[in-house]
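Please keep the view open as you go through the points.

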Amino acid sequence: MAFTGRYEVESEDNYDAFVKCIGIPSDIIEKGRNFKIVTEVAQNGNDFVWTQIYPTGQSMTNKFTIGKEADMETMGGKKFKATVKMEGGKVVVDFPNYHHTAEIAGGKLVEVSL
């Protein structure tokens, strides 16, 4: 499927402002600034398994089906319920403190959190 793959972070804009917004402590922000997070996505139709793997060996996985409410988790470990949508080829979800979109552009995973 279109999103299935393994993607490594190539660049980030406004890192500090974003992680402060989601409640990450300052000492963790500093450590994470140069981390190359790997995102693995497995898509089977409307079903997704979305995993972020951190250089520390920790990972976070969200499993969801487009259009159905799912239990989700933020990078900061906060659990919440959300309904993930597909809009114009983009995966779209509202996290507690931000709006997140993800799309494949030029064979790369492009994620935007505002």
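The side chain of N62 comes to 2.8 Å from the backbone nitrogen of E73, a polar contact (N or O atoms within 3.5 Å, one able to donate a hydrogen and the other to accept it; residues adjacent in sequence count only if both atoms are side-chain atoms). This is a predicted model, in which local features need pLDDT of at least 70 and side-chain atom pairs pLDDT 80 or more, while totals for chains, interfaces and linings use all residues. Residues are numbered from 1 along each chain as its sequence is written, and side-chain values use heavy atoms, without hydrogens and water.

**Around N62**
- N62 belongs to strand β4; strands here are DSSP runs of E with at least two residues, numbered from the N terminus.
- With 6% relative accessibility, N62 is buried (buried is under 20% relative accessible area, exposed over 50%, partly exposed in between, using a 1.4 Å probe and protein chains only).
- Leaving aside residues up to four places away in sequence, N62 touches F48, V49, W50, D71, M72 and E73, where contact means heavy atoms within 4.5 Å.

**The four-stranded sheet**
- Four strands form an open, antiparallel sheet in the order β1-β2-β3-β4, with pairing defined by at least two DSSP bridges between strands.
- β1 (5–8) and β4 (59–65) are the edge strands, each with a single partner, so one side of each has no neighbour in the sheet.
- Strands β2 (residues 38–44) and β3 (residues 47–53) run antiparallel and share seven bridges; Q43 has F48 of β3 as its bridge partner.

**Salt bridges**
- There are five salt bridges in the structure, each a side-chain nitrogen of Lys or Arg within 4 Å of a carboxyl oxygen of Asp or Glu.
- One of them joins K81 and D71 at 2.6 Å, N to O.
- K81 sits in β6 (residues 79–83) and D71 in β5 (residues 69–73), so this pair ties together parts ten residues apart in sequence.
- Both partners are exposed: K81 has 53% relative accessible area, and D71 has 55%.
- E73, the residue whose backbone nitrogen N62 reaches, also forms a salt bridge with K79 at 3.5 Å, N to O.
- E73 is partly exposed at 22%, whereas K79 is exposed at 64%.

**Hairpins of β8, β9 and β10**
- Antiparallel strands β8 (residues 90–94) and β9 (residues 99–105) are joined by four bridges, and a hairpin of four residues connects them.
- β9 also pairs antiparallel with β10 (residues 108–113) over six bridges.
- In that hairpin, with two residues between the strands, G106 takes a positive phi near 60°.
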